[in-house]
Amino acid sequence: MRGATIIAALFFAGCISPHQAVVTNVDLLSWCDSAVVVLHNTDTTALRDLSVIVRFNHQFTRTALPLTIATRTPQGVRYGEPFTLPIQHTRAVAARSCELVIPYRRSVVLQEVGDYHIVITPREEVQGIEAIGINIEKSK
């Protein structure tokens, strides 16, 4: 019985992912509204790196995407700041989407257990953005 418990514990420990990505679709034709993603946190001591995930198509031709990123902690504390994503366009088939993961914050500690609401808002209307989100992973 004890052996089975240890094997089960090792199996489930191996299934815990060191990263989490949350992405939401936005209005492809004219994105101007806030997009909200929710990150659930249970670890209040780990250092984490946050990145912004952006998926866009051939209609998005800019080299930068100016955003405001605001975070609300589980206890309701709010913090927001402007952040401009540098966009590198690759030569891809026009009908295909491109997805970039761009570093945002490094070595962050989420000090509260619960849901962190991250609100991502373009500072000006944009076309061609399909989805936006946050990737969080343990710092290396």
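A charge is said to sit over a ring if NZ of Lys or CZ of Arg is within 6 Å of the ring centre and within 35 degrees of the ring normal. In this predicted model, Arg105 lies over the face of Tyr104, at 5.3 Å from the ring centre. The points below take up the aromatic pairs and then the nonpolar core.

**Aromatic pairs**

- The structure holds two aromatic pairs, and one of them, formed by Phe56 and Phe60, is tilted, with 5.5 Å from centre to centre and 55° between the planes.
- Because buried means under 20% relative accessible area, Phe56 counts as buried at 3% relative accessibility, and Phe60 counts as buried at 1%.
- Phe83 and Tyr104 form an aromatic pair that is edge-to-face, with 4.9 Å from centre to centre and 80° between the planes.
- This pair links distant parts of the chain, since Phe83 belongs to strand β5 (residues 78-86) and Tyr104 to strand β6 (residues 98-108), 21 residues apart.
- Both Phe83 and Tyr104 are buried.

**Nonpolar core**

- The largest nonpolar core has 31 residues, of which Trp31, Val54, Leu65, Leu85, Ile87, Ile129 and Ile132 touch the most other members.
- At least two residues of this core are supplied by each of β2 (35-41), β3 (48-56), β4 (64-72), β5, β6, β7 (114-122) and β8 (129-138), and the largest share, five residues, comes from β6.
- Leaving aside residues up to four places away in sequence, Leu85 touches Val52, Val54, Thr63, Ala64, Leu65, Leu67, Ile102 and Ile132.

Terms used:
Residues are numbered from 1 along each chain as its sequence is written. This is a predicted model: local features need pLDDT of at least 70, side-chain atom pairs count only at pLDDT 80 or more; totals for chains, interfaces and linings use all residues. Side-chain values use heavy atoms; hydrogens and water are left out. Rings of Phe, Tyr and Trp (its six-membered ring) pair if their centres lie within 6.5 Å; planes under 30 degrees apart count as stacked, over 60 as edge-to-face and the rest as tilted. Buried means under 20% relative accessible area, exposed over 50%, partly exposed in between (1.4 Å probe, protein chains only). Helices (H or I, at least four residues) and strands (E, at least two) are DSSP runs, numbered from the N terminus. A nonpolar core is a set of buried Ala, Val, Leu, Ile, Met, Phe, Trp, Tyr and Cys residues joined through side-chain atoms within 4.5 Å. Contact means heavy atoms within 4.5 Å.
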